[in-house]
Amino acid sequence: MNSDALQIALGALQGLGASTVFVLVLFIGFCVVIGFTKTKKTAGGSAPVVKSLDERITHQPMAYLAPSAPRGPADQLKAPELLEAAPRRS
């Protein structure tokens with residue numbers, strides 16, 4: 001009876017170890033593949049930069065905000081589109 005419990009415990013430990021190693025190998029492989037591809041040249045640029053997932057999938061260049069774009073919190077109720085539409089509604 002004691003040897004049966006020992007065999008069960010060892011089998012469970014071996015199974016847990018094997019599945020842990022398998023998941024670890026998949027994770028490390030995924031990280032290596034992503035690491036090799038993230039610094040390729042972008043779809044629209046010439047400098048090697050980190051590409052976004054969307055750009056990798058669609059192969060379209062990303063549209064970035066201009067340096068002069070406003071920053072910080074925005075009041076969405078005071079958006080220019082809504083302010084222009086308010087006089088037309090009344």
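What share of the contacts in the protein chain with a separation of 6 or more comes from residues 24 or more positions apart? In this predicted model, such residues account for 0% of those contacts, where contact means heavy atoms within 4.5 Å. Local features need pLDDT of at least 70, side-chain atom pairs count only at pLDDT 80 or more, and totals for chains, interfaces and linings use all residues. Residues are numbered from 1 along each chain as its sequence is written, and side-chain values use heavy atoms, leaving out hydrogens and water.

**Overall build**
- The protein chain has three helices and zero strands, with helices (H or I, at least four residues) and strands (E, at least two) taken as DSSP runs numbered from the N terminus.
- Of its 90 residues, 6% count as buried, that is, under 20% relative accessible area, while exposed means over 50% and partly exposed lies in between (1.4 Å probe, protein chains only).

**Residue L24**
- L24 is found in helix α1, which covers residues 2-37.
- L24 is partly exposed, with a relative accessible area of 46%.
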